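The sequence and structure come first.

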Amino acid sequence: MNAPLSFPVQIPDAATVARINPPLDADARKALRERAKRLLRERDAVLVAHYYTDPDLQTLADETGGHVADSLDMARFSHEHDASTVVVCGVRFMGETAKILNPEKRVLVPEMQANCSLDLGCPADAFSELCDEYPDRTVVVYANTSAAVKARADWMVTSGIALDIVGHLKDRGEKILWAPDRFLGDYIQRMTGADMLMWQASCVVHEAFKADALERLREKLPHAAVLVHPESPPAVIALADVVGSTSTLIEAVQSMPNDTFIVATDRGIFHKMRELAPGKKLIEAPTAGEGATCESCAHCPWMAMNGLANLVEVLETGNNEILIEESIRARAAIPVQRMMDFAAARKVAILGNA
Ligand code: SF4
């Protein structure tokens, strides 16, 4: 193997995030919410927000006829909505996925620097080199990748459908080249037994959850259910009562009888969980054991770059439009559509990724 399988990723520090999305007092937030509502109407725009974004943005999306969801459902909602402009509050690959599926629409994002450690950790050139080295492998990429990486793939998967698709490929005797999340890939490999060559990127939020501290917390709270996103390390996944996508974890809080949940994913998801399951107690899974440190502390620094102020700014200016060269967009649409066709044929849920 010649191509390297991991690349260092610069994680934005708290000061950078605060400069891009400064904290606002209640009056400023109220004024910006009203301005955003007016601009959404005037600009024929709809707001879609990811579960990990600021509660103000999620509330605004719901109040204005937009949508709060995972990335694929954000893109599908955008496709079905009449608005000519879609503002995607999330990270860059989510804006790109919306554009891949909606080439005729204008897709704006509040902050172009809002990215993802999985996307950044899998540059298209290096990934393409690896694909060239292994032409006998079926290329399966996670949704958290750039349009250019998707354009090299045979399949795109979300965390909600990854097991079904990889299991299906294994049954057909296919060997997999998987990218970019090593922990999700490891989980899929263990569950399906597929032959998977894996890229080695990781999510800065989920890789920070600590199994030792989680185990001690679970001992203190034996009545609590542990919910874990599969981008987490294997030792954390091993402690879970439920492993699944963002949509699966939200559904678990609603349907399980437990009154307390320890949640190993970005704490932004608590907003939707509280709304749909009021009265349930939600606790962040620990990101630091004794003496340990965490860089993300259960909240994605790139998701945190989205705020009311930069949302209003892009609605006013039309800046930060997501543009993808048409040959790449059209090629990237193939693995996305293949996944959607598979889901429709099997009637399995595709929702869910970080
Ligand atoms: S939470 Fe992780 S997977 Fe999601 S956008 Fe942030 S870095 Fe990427």
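K105 is partly exposed, because 19 other C-beta atoms lie within 10 Å; a residue is buried with 20 or more other C-beta atoms within 10 Å of its own, exposed with 12 or fewer, and partly exposed in between, the C-beta atoms being placed from the backbone. The model is a predicted one: local features need pLDDT of at least 70, side-chain atom pairs count only at pLDDT 80 or more, and totals for chains, interfaces and linings use all residues. Residues are numbered from 1 along each chain as its sequence is written.

K105 sits in the loop between α5 and β4 (106-108). Helices (H or I, at least four residues) and strands (E, at least two) are DSSP runs, numbered from the N terminus. Leaving out residues up to four places away in sequence, K105 touches S78, S84, T85 and V86, where contact means C-beta atoms, placed from the backbone, within 7 Å. K105 and C300 are 195 residues apart in sequence and 27 Å apart in space, C-alpha to C-alpha.

Most residues other than glycine have a negative phi, and most peptide bonds are trans.

The peptide bond from A179 to P180 is cis, with omega near -5°. P180 belongs to the loop between β7 (176-179) and α10.

Helix α10 (residues 182-192) packs against α9 at an angle of about 55°, with the axes 10 Å apart. The two helices, α9 and α10, are therefore oblique to each other. On the α9 side the contact is made by A162, L163, V166, G167 and K170, and on the α10 side by L184, I188, M191 and T192. Axes here are lines fitted to C-alpha atoms, for helices over the stretch in contact, and angles run from 0 to 180 degrees between N-to-C directions. Angles under 35 degrees count as roughly parallel, over 145 as roughly antiparallel, 65 to 115 as roughly perpendicular and the rest as oblique.

In α16, the buried residues are A332, A333, P335, V336, M339 and A343. Their cover includes α5 (92-101), β5 (138-142), α8 (147-150), β6 (155-157) and α9 (162-171).

Notes: Contact = placed C-beta atoms within 7 Å.
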